[in-house]
Amino acid sequence: MSMTDPIADMLTRIRNANMRAKESVDVPRSNTKCEIARVLKNEGFIKDYKEIEAGAQGTIRIYLKYGHQKERVIRQLKRESKPGRRLYKQVDDLRKVLGGVGIAIVSTSSGIMSDRECRKAKVGGEIICTVW
């Protein structure tokens, strides 16, 4: 059975593991998912991620991050652009997420980057998801 939105599946796995306070979560590997995990790590929403060679496709193990009292670092993880309704923004239309507390992950012609990096590089693109 084919999956219509593998990125939404990845975000849902992270969201579910985060709600259960799991240490890590495994998702099927793809280049796009690796880039999303890289942005999440660079922005401080996850501890780390590791690519595991298993089978034909491989797996990404994402290590979730929590505060001192096990409070969640990722409060909300929302898919914005969906296969049935793509959402594109120019750099001038990219607004700060929650007043700068959160980030938007954007797929641009220069690769996948956060909204902060997009404003710095002056490029727009498809809003994949928002995180805060």
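The following legends describe close-up views of a predicted model.

**Figure 1. The largest nonpolar core of the predicted model contains 26 residues.** Within this core, the residues with the most contacts are Ile14, Ile36, Leu40, Ile62, Ile105 and Val131. At least two residues of the core come from each of these elements: helices H1 (6–19) and H2 (31–42), and strands E1 (24–28), E3 (59–64), E6 (103–108) and E8 (125–131). Another core, made of eight residues, lies apart from it and includes Val97, Ala104, Val106 and Met113.

**Figure 2. Isoleucine 36 is shown with the residues that it touches.** Leaving aside residues up to four places away in sequence, isoleucine 36 is in contact with Ile7, Met10, Ile105, Ile112 and Ile128. Ile36 is one of the buried residues of H2, together with Lys33, Cys34, Ala37, Val39 and Leu40.

**Figure 3. An open sheet of three strands has the order E1-E3-E2.** The pairing in this sheet is antiparallel. Its edge strands are E1 and strand E2 (46–52), each of which pairs on one side only. On average, and with direction ignored, neighbouring strands are turned by 20 degrees against each other. E1 and E3 run antiparallel and are joined by five bridges; serine 24 stands opposite tyrosine 63 of E3.

**Figure 4. Helices H1 and H2 pack on the three-stranded sheet.** H1 touches E1 and E3, and its direction makes about 165 degrees with that of E1. H2 touches E1, E2 and E3, and its direction makes about 155 degrees with that of E2. The 12 residues of H2 reach 17 Å from the first C-alpha to the last, which is close to the 16 Å expected at 1.5 Å a residue. Glycine 44, which follows H2, has a positive phi, near 85 degrees.

**Figure 5. Strand E8 is paired with strands E4, E5 and E6.** Because seven of the seven residues of E8 are buried, the strand is largely enclosed by the rest of the structure. Strand E4 (residues 77–79) pairs with E8 in the antiparallel sense over three bridges, and arginine 79 has cysteine 129 of E8 as its bridge partner. The pairing of strand E5 (residues 88–89) with E8 is also antiparallel, over two bridges; here the bridge partner of lysine 89 is glycine 125 in E8. E6 pairs with E8 in the antiparallel sense over five bridges, and glutamate 126 in E8 is the bridge partner of serine 107.

**Figure 6. Aspartate 115 lies in helix H3 (residues 115–121).** Aspartate 115 has a relative accessible area of 1% and is therefore buried. Its contacts, not counting residues up to four places away in sequence, are with Leu94, Arg95, Lys96, Val97, Ile103, Ala104 and Val106. Between aspartate 115 and leucine 94 there are 6.9 Å in space, C-alpha to C-alpha, although the two are 21 residues apart in sequence.

**Figure 7. Cysteine 34 and cysteine 129 are in no disulfide.** The count of disulfides in the model is zero. For cysteine 34, the nearest cysteine sulfur is that of cysteine 129, 15 Å away. Cysteine 34 counts as buried because its relative accessibility is 6%, under the limit of 20%. For cysteine 129, the nearest cysteine sulfur belongs to cysteine 118 and is 12 Å away. Cysteine 129 likewise counts as buried, because its relative accessibility is 0%.

How values were computed
Residues are numbered from 1 along each chain as its sequence is written. This is a predicted model: local features need pLDDT of at least 70, side-chain atom pairs count only at pLDDT 80 or more; totals for chains, interfaces and linings use all residues. Side-chain values use heavy atoms; hydrogens and water are left out. A nonpolar core is a set of buried Ala, Val, Leu, Ile, Met, Phe, Trp, Tyr and Cys residues joined through side-chain atoms within 4.5 Å. Buried means under 20% relative accessible area, exposed over 50%, partly exposed in between (1.4 Å probe, protein chains only). Helices (H or I, at least four residues) and strands (E, at least two) are DSSP runs, numbered from the N terminus. Contact means heavy atoms within 4.5 Å. Two strands pair if DSSP finds at least two bridges between them. Axes are lines fitted to C-alpha atoms, for helices over the stretch in contact, and angles run from 0 to 180 degrees between N-to-C directions. The expected span of a helix is 1.5 Å times one less than its number of residues. A disulfide is a pair of cysteine sulfur atoms within 2.5 Å.
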